[in-house]
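The following exercises are to be worked with the sequence and the three-dimensional model in view. Each task is followed by a solution in steps.

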Amino acid sequence: MCHTCQVTTTDISRPVCILGLGLIGGSLLRDLTTSGHAAFGYNRSPSAARAARAEGFDVTDSLEDALRRAEEEFALIVLATPMPAIDALLHDIKKYAPSCGFTDVVSVKGKVYELVKQHGLEDRYVGGHPMAGTADSGWRASKNGLFDGAAWVVTFDHALDTRPSQSWIDLWIDVVHMATRVGAEVIPARVDHHDAAVARISHLPHILAEALAIVGDNGGTLALSLAAGSFRDGTRVAGSAPSLVRAMCETNHAALLDALDETLTLLQDARANLDADKPSVGELVDAGYRSRIRYEARSSSRSGSTSGGSVHSGPGSDMSARPVIRFHPGADNWVSQLIQAENVGARIEVF
């Protein structure tokens, strides 16, 4: 096949129904609507639903109505509520939208997939997680462009557990297209690998931010008056709603414990070095600096390109420094290509 002739698209084959219109769900509704794709939503808060409708969006505060409409229109359902609400939503989807495929934007994938399997819905589910957000929440916090350039994880465990049906593959493609349509870069990952990764780069930072905020506050009014950029940036996510932080950290506790233990070892070593005859944090600072430089190179440089599952250098683009793998879902080797993309943190494009 001529890879230079491959054409990628962001067309989604069905309407999108978003359940929960906070920062993530609301921003997704805004971007999809702005792009011209049919999308409607549900929010349990009547006042937030009214605010969304006042801005011209198709929103209801009746979950049953939203799901019945999704069933009639064979919509792609997006679960955009906090983790504690997922179990009840799965029950309602099974009751009111028994034909619809669905995805989610929850920051922990293992527990969601476990619940999906308990409800017997794994052949209608593709997991998702956009790595985007702020410390703010609710419809008023939502905005256009939130996902521009952001990583959006799409899981594929079902394709490993069984030979997936064409309907599931079509659903998987629509989830990928939805993410790319709103400007995100799709990175495939297995559920457990995702949870281990986000424990380090998302959930642990919340724990550290809470601790830093407490230590700074304990310094009294002088410390807070002197606090500037490093304290502000280091504690930013401590301003997140406590219930949301608890939900993601406690649900992913096993992977978070591994990351936290590694962090405590580093801090204990730093403490021992500071308590030595010649106090030093050189080892920690030098290693941390090198790690930060590697992150910056990964997130801000131009990207290479890969095709057909083989990595090679390619022309730059305006995307991130993540390599790209292009492939055809459902082809004989497509799952192995997803694993390859996961192993190198590559973004994917489908044709």
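**Exercise 1. The open sheet**

Solution. Helices (H or I, at least four residues) and strands (E, at least two) are DSSP runs, numbered from the N terminus. The model is a predicted one, in which local features need pLDDT of at least 70 and side-chain atom pairs count only at pLDDT 80 or more, while totals for chains, interfaces and linings use all residues. Residues are numbered from 1 along each chain as its sequence is written, and side-chain values use heavy atoms, with hydrogens and water left out.

Step 1: Within this pair, Leu19 has Leu79 of E4 as its bridge partner.

Step 2: The open sheet has 6 strands in the order E3-E2-E1-E4-E5-E6, with parallel pairing. Strand E3 (59–60) and strand E6 (125–126) are at the edges; each has a single partner strand, so one side of each lacks a neighbour in the sheet.

**Exercise 2. A loop residue with positive phi**

Locate Phe74 and describe its backbone and its accessibility.

Solution. Step 1: Phe74 lies in the loop between helix H3 (63–73) and E4.

Step 1: Its phi is near 50°, a positive value in a residue other than glycine. Most residues other than glycine have a negative phi.

Step 2: At 41% relative accessibility, Phe74 counts as partly exposed. The classes are buried (under 20% relative accessible area), exposed (over 50%) and partly exposed (in between), with a 1.4 Å probe and protein chains only.

**Exercise 3. Surroundings of Ser142**

Is Ser142 buried or exposed, and with which residues is it in contact?

Solution. Step 1: Ser142 is placed in the loop between strand E7 (128–130) and strand E8 (151–155).

Step 1: Its relative accessibility is 7%, so Ser142 counts as buried.

Step 2: With neighbours within four places in sequence left aside, Ser142 is in contact (heavy atoms within 4.5 Å) with Gly22, Leu23, Gly26, Ser27 and Arg30.

**Exercise 4. The crossover through H14**

Trace the chain from strand E12 (residues 324–327) to strand E13 (residues 347–350).

Solution. Step 1: E12 and E13 pair in the parallel sense over 4 bridges. The partner of Val324 is Arg347, and that of Phe327 is Val350.

Step 1: The chain passes from E12 through helix H14 (residues 334–344) to E13 in a right-handed β-α-β crossover. Right-handed denotes that, with the strands pointing away from the viewer, the path from the first strand over the helix to the second runs clockwise.

Step 2: Trp334, Val335, Gln337, Leu338, Ala341 and Glu342 are the buried residues of H14. They lie on the same side of H14, because they cover an arc of only 155° around the axis, taken from the directions from the helix axis to the C-beta atoms.

Step 3: Just after H14, Gly345 takes a positive phi of about 65°.

**Exercise 5. Cysteines**

How many disulfides are counted?

Solution. Step 1: A disulfide is a pair of cysteine sulfur atoms within 2.5 Å, and the count is 0.

Step 1: The cysteine sulfur closest to that of Cys100 is in Cys17, at 7.8 Å, which is too far for a bond.

Step 2: Cys100 is buried, with a relative accessible area of 0%.

How values were computed:
Two strands pair if DSSP finds at least two bridges between them.
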